[in-house]
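Here is a short briefing to read alongside the model. Have a look at how the chains meet and at what is packed inside.

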Amino acid sequence: MTWHVAEEDLRAYARGELAPPSLWSADTHLTACAQCRARLAGATEPAVLDAGWERLDAELDAPRPGPFERVLLRLGVADHTARLLTATPVLRRSWLLAVLSLLMMTVLVVRVADTPGLFLALAPLLPLAGVALSFGPSLDPTFEMAVVAPLHGFRLLMIRTVAVLTTGLVCNGLATLALPGYGLSALAWLLPALALTATGLALSARLGPVLAPALVGGGWLALLLVATTRADGHTPVPFTAAGQSAAAGLAALATVLLVQSRDRFDTGRAGHFAGGDLP
Amino acid sequence: MTPAPTTLTASGLTLRYGGTRALDDVSLSLTRGVTGLLGPNGAGKTTLLRVLATAVPPDGGGFRALGHDPRTSAGRLALRRELGYLPQTPGFHPDFTAFEFVDYVAILKELTDRGARHREVRRVLEAVDLSEVRGKRIKRLSGGMRQRVALAAALVGDPGFLVLDEPTVGLDPEQRMRFRELVAEAGEGRTVLLSTHQTEDVAMLCHRVVVLAHGRVRFEGTPAELTARAAGRVWSSARRDPAARAGWRTGTGTFRNVGDPPEGADLLEPTLEDGYLLTLDGDSAAVTA
């Protein structure tokens, strides 16, 4: 053994007050280290020690958090929230690698063609798609169990949305760093991304998790097509100051509408089963 | 004998999908114990279970379960806290172990304290006899074991109302028998609604039965009452009787006929299945025994 549980941690462990992730390190270490077990026994009342062994026994059954879950725990996310997030399909490694690959290819194309248009068009769509795919029956196999659970559907949606949106924005941010030549204009995807995601979610409450983001994504591409055609060599409207202000306003409005329709995510009224094989 | 108190009352439940009336003025009541919901494919069983499990609100009508009205958010939350639901095709995150999956469902059921939650997960896995495989990934478990994992998830939090949608489909006879034992145990002290299209499930497990067809209740009563509907309407013959509504050759070579027997027919003891077949063959009006 190259290390042993610190005296202070050992006393906290004996009192049942040691918090994760130190608790899990101590659990793992104590199963393998006779010296620390002896120190623990010496420092603890017999009744407390029995409770400790029972807890240790239970810990041996408990699932070990994976790398993503451990990162969340180290960031201070509560263990139950971290577990909810590990079940979010688009936060899995394969999805993240696919998104990063797509962004890398886009950045390469932008650098070769010397125009940021493709990146600015694509980047807002990625968080929208990620959030849309993080709820609903198409990708969440436990969706039906989640709908009838006491945990409010809107709360689960928000937990996942914040995580997926943050991850999507970080991925886009990394791609932006690879385009230093365009300065702040390479960040013009940010407000449209927030606007599209918020609008997609707000419409999902009425149109369901497939149609709503598809309409919003299609609308964005149509808007870009028209704006680029009319730009006549200038910056397309969505990436001008006026366009960015409109995007910010739309994001705020959609957020208000989303909060107002939060109960629809809790009653199955959000169109989730409309395309199902009922009855 | 004092009748068991009613724990769920539904009245006039109606639900449409496009042009289809999946539920058409469904009214029923449940008591503690296992109630079987019988019906052919497309009868509306899954829709009714989804409505009663609060997954889908009805277009019309309503229900109260365990004293809670799910039309209000407070009532819906209170009912969901006492609900265990096993969907027809329970979805799993395939990379989760049995323990991790039930743990995940326990979090959805608001068990946020890690220690208490893990104790509950171990309790329900033990209840369905899966303690030994708790660390195995779900994708490596057999179909019967997966159904037991889903049942364990439904049992988290010791719910008073358990909704089970065709849990014995796809199981071999031994697994089905084991599952029936578990459902029978779960039915002690709880209100359990078990959807099935197997009359044996109802005969072995249920103290009450509801027959649903084309979104309407065709029968509500005890299995004995459903069986009694076929009394004097099952007979044996050497050839299939053309007058019979249903008839099939049995293992002894004779035909078992169900319907209106001819004069002097060799009548047989009816079974629950005979009563069920005749009920489906009846008119579309709701019938209560």
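Contact here means heavy atoms within 4.5 Å. On that basis, 37 residues of chain A are in contact with 42 residues of chain B. This is a predicted model, in which local features need pLDDT of at least 70 and side-chain atom pairs count only at pLDDT 80 or more, while totals for chains, interfaces and linings use all residues. Residues are numbered from 1 along each chain as its sequence is written, chains are lettered from A in the order in which they are written, and side-chain values use heavy atoms, leaving out hydrogens and water.

**Where the chains meet**

- About 3,800 Å² is buried between chain A and chain B, with carbon and sulfur atoms giving 60%; this is the accessible area (1.4 Å probe) that the two parts lose on being put together, summed over both.
- Five salt bridges are counted between chain A and chain B, each a side-chain nitrogen of Lys or Arg within 4 Å of a carboxyl oxygen of Asp or Glu.
- A:R83 forms a salt bridge with B:E100, with the closest N and O atoms 4.0 Å apart.

**The nonpolar cores**

- A nonpolar core is a set of buried Ala, Val, Leu, Ile, Met, Phe, Trp, Tyr and Cys residues joined through side-chain atoms within 4.5 Å, where buried means under 20% relative accessible area (1.4 Å probe, protein chains only).
- The largest nonpolar core has 74 residues, and B:F101, B:V102 and B:V149 touch the most other members.
- Beyond its neighbours within four places in sequence, B:V102 is in contact with residues including B:V121, B:L125, B:V149 and B:V156.
- Another core, of 32 residues, lies apart from it and includes B:L8, B:L30, B:L49 and B:V163.

Notes: Buried < 20%, exposed > 50% of the residue type's maximum accessible area, 1.4 Å probe, protein only.
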